[in-house]
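Please keep the sequence and the 3D view at hand.

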Amino acid sequence: MQGVMRVVRSCHEKLKVTILQHSQFKNTSEMNKVFARFGRVISFPVVQSKEANDIMVSESTMQQKGLENTTVADVLMIKDEEKGNSWLCCRTNDTAYDAIKKMAANNIGSLVVLRPGENQLIAGIITERDYLRKVIVQDRSSKYTRVGDIMTEQSKLITVTSDTNILQAMQLMSEHHIRHVPVIDGKVVGMISVADIVKAVVDQQTGEVKQLNQFIKGDYY
């Protein structure tokens, strides 16, 4: 998660550089007002739990909301638009070989593991790290090892809901040293990763830089 913080700090510096390069302000006080206006998205306040946000928004709308108002649901919607599905799954009785093959084919690092049957009841998750530590290192056969034998079980999972703020999600990942978190609203509705949060931060900062340029060039009155 230190990488996420470095990205945010880098974006913060870009905001400052943008202002300084195009500065038309008469005094320091005026410039500080601009920093104050746009600084809200580069800080990481302690976020209080908020009422569920049922309105799905586009990426541009998410940029306008600010990180403190962006939820996991917003990020999942963007993933759905880009990839057609915000999560992929396997079953506990699938082989580890089939699971890792599915990850490789979709260029992802984890799968939600569901119990056998029609219902989408989560049993856990399997990650590349699980495969490395519990199959490769232990010299087990991936074609004879079941996903249920190497997955991280549901009882040990750290999860979020769709209305969880993404800063809260990032804090959970940092505290528990994990990179993937299932999104559970009664049943599994998605998976959010560190990469998803980094993208949300970068998109947000890109939108802020654009607004700053418009502000500095006189598009704001």
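## Cysteines

The sulfur of Cys89 lies 6.9 Å from the closest cysteine sulfur, in Cys90, which is too far for a bond. A disulfide needs the two sulfur atoms within 2.5 Å. Cys90 is likewise in no disulfide. A search of the whole structure, a predicted model, finds zero disulfides.

The two residues can also be described by accessibility. Cys89 counts as partly exposed, at 22% relative accessibility. Cys90 is buried, with a relative accessible area of 4%.

## The sheet

Four strands form an open sheet. Their order is β1-β2-β3-β4, and the pairing is mixed. Strands β1 (89-91) and β4 (152-153) stand at the edges. Each has a single partner strand, so one side of each is left without a neighbour in the sheet.

How do β1 and β2 run, parallel or antiparallel? They run parallel, and three bridges join β1 to β2 (residues 110-114). Within β2, Val113 is the bridge partner of Cys90.

## Helices on the sheet

Helix α5 (residues 96-106) packs on the sheet and touches β1, β2 and β3 (122-127). Its direction makes about 135 degrees with that of β2. Helix α6 (residues 128-136) also packs on the sheet. It touches β3 and β4, and its direction makes about 75 degrees with that of β3.

Which residues of α6 are buried? They are Asp130, Tyr131 and Val135. These residues cover an arc of only 95 degrees around the axis, which puts them on the same side of α6. They pack against α5, β3, α7 (147-150) and β4.

## Salt bridges

The structure holds two salt bridges. One joins Asp196 and Lys79, with the closest N and O atoms 3.0 Å apart. Asp196 lies in helix α9 (residues 194-216) and Lys79 in helix α4 (residues 72-83), so the pair ties together parts that are 117 residues apart in sequence. Both Asp196 and Lys79 are buried.

Asp130 and Lys134 form a salt bridge too, at 3.7 Å from N to O. Both lie in helix α6, four residues apart, which is about one turn of the helix. Asp130 is buried, with a relative accessible area of 8%. Lys134 counts as partly exposed, at 25% relative accessibility.

Conventions: Residues numbered from 1 in each chain as written. Predicted model: local features only at pLDDT ≥ 70, side-chain atom pairs only at ≥ 80, totals over all residues. Heavy atoms only, no water. Buried < 20%, exposed > 50% of the residue type's maximum accessible area, 1.4 Å probe, protein only. Pairing = 2+ DSSP bridges. Helix = DSSP H or I, 4+ residues; strand = E, 2+ residues; numbered from the N terminus. Contact = heavy atoms within 4.5 Å. Axes fitted to C-alpha atoms, helices over the stretch in contact; angles between N-to-C directions. Arc of directions from axis to C-beta. Salt bridge = Lys/Arg side-chain N within 4 Å of Asp/Glu carboxyl O.
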